[in-house]
Amino acid sequence: QVQLVESGGGLVQAGGPLRLSCAASGTFFSIEHMGWYRQTPGNQRELIAAISSGGSTNYADSVKGRFTISRDNANNTVYLQTNSLKPEDTSVYSCNAKGYYARGRFNSWGQGTQGTVSS
């Protein structure tokens with residue numbers, strides 16, 4: 001099994017930053033893609049940022065220019081730097097990792113971390 005643990009959520013004023021971290025642990029061969037999702041008001045998961053093992057990134061339009069995803073492959077950790085936060089960014093943020101382990105392909109989720117932006 002591959003476990004993901006997020007940290008860094010909290011309460012911040014509008015315009016401020018939060019830095020989220022997600023560390024992967026367990027036994028695996030590789031992590032190919034890592035991403036950050038957040039829950040929509042309709043309780044769906046929305047992909048907001050993703051990064052490949054080679055460092056290619058993509059972002060949802062709603063966060064482009066404000067959020068930056070990065071990863072530390074040596075420590076199996078992905079980060080999300082969020083800037084210029086708006087109250088509508090308030091959500092539960094979850095990380096996701098896809099890769100390969102002894103039983104084949106894995107697709108793991110973290111437990112989520114709450115980010116709240118006050119106006």
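## Strand 1 and the basis of the model

Strand 1 has a covered face made of Val2, Leu4 and Glu6, while Gln3, Val5 and Ser7 form its uncovered face. Strands here are DSSP runs (E, at least two residues), numbered from the N terminus.

The model is predicted: local features need pLDDT of at least 70, side-chain atom pairs count only at pLDDT 80 or more, and totals for chains, interfaces and linings use all residues. Residues are numbered from 1 along each chain as its sequence is written, and side-chain values use heavy atoms, with hydrogens and water left out.

Four strands form an open sheet in the order 1-3-8-7, with antiparallel pairing. Strands count as paired if DSSP finds at least two bridges between them. Strand 1 (2-7) and strand 7 (67-72) are at the edges with a single partner strand each, so one side of each lacks a neighbour in the sheet. On average, neighbouring strands of this sheet are turned by 15 degrees against each other, direction ignored. For such angles, axes are lines fitted to C-alpha atoms, and angles run from 0 to 180 degrees between N-to-C directions.

Six bridges link strand 1 and strand 3 in the antiparallel sense; Val5 has Ala23 of strand 3 as its bridge partner. Strand 3 is also joined to strand 8 by six bridges, again antiparallel, and Leu20 stands opposite Leu80 in strand 8.

Strand 8 (residues 77-82) pairs with strand 7 over six bridges in the antiparallel sense. Thr68 has Gln81 of strand 8 as its bridge partner, and Asp72 has Thr77. Four residues lie between the two strands of this hairpin, in which Asn76 takes a positive phi near 50 degrees.

Strand 8 is largely enclosed by the rest of the structure, because five of its six residues are buried. Buried means under 20% relative accessible area, with exposed over 50% and partly exposed in between (1.4 Å probe, protein chains only).

## The disulfide

The whole structure holds one disulfide, defined as a pair of cysteine sulfur atoms within 2.5 Å. The bond joins Cys22 to Cys95, with an S to S distance of 1.8 Å. Cys22 belongs to strand 3 and Cys95 to strand 9 (residues 91-101), so the pair ties together parts that are 73 residues apart in sequence. The torsion about the S-S bond of Cys22 and Cys95 is about 40 degrees, which means that the disulfide is right-handed. Both Cys22 and Cys95 are buried.

## The cavity

A search of the whole structure finds one cavity of 30 Å³ or more. A cavity is a set of points on a 1 Å grid over the protein atoms alone where a 1.4 Å probe fits but cannot get out; lining residues have an atom within 4 Å of a point. Grid points are joined across faces, edges and corners, and a volume is the space filled by probe spheres set on the points. The largest cavity contains about 40 Å³ of space.

Its lining consists of Leu18, Leu20, Thr82, Leu85, Asp89, Tyr93, Gly115 and Val117. Strand 3 (18-26) and strand 11 (113-118) each supply at least two residues of this lining. By class, the lining has five nonpolar, two polar and one charged residues. Nonpolar here covers Ala, Val, Leu, Ile, Met, Phe, Trp, Tyr, Cys and Pro, charged covers Asp, Glu, Lys and Arg, and the others, Gly among them, count as polar.

Technical notes. 1 Å grid on protein atoms, 1.4 Å probe; cavity = no way out; pocket = protein on both sides within 12 Å on 5 of 7 lines; lining within 4 Å.
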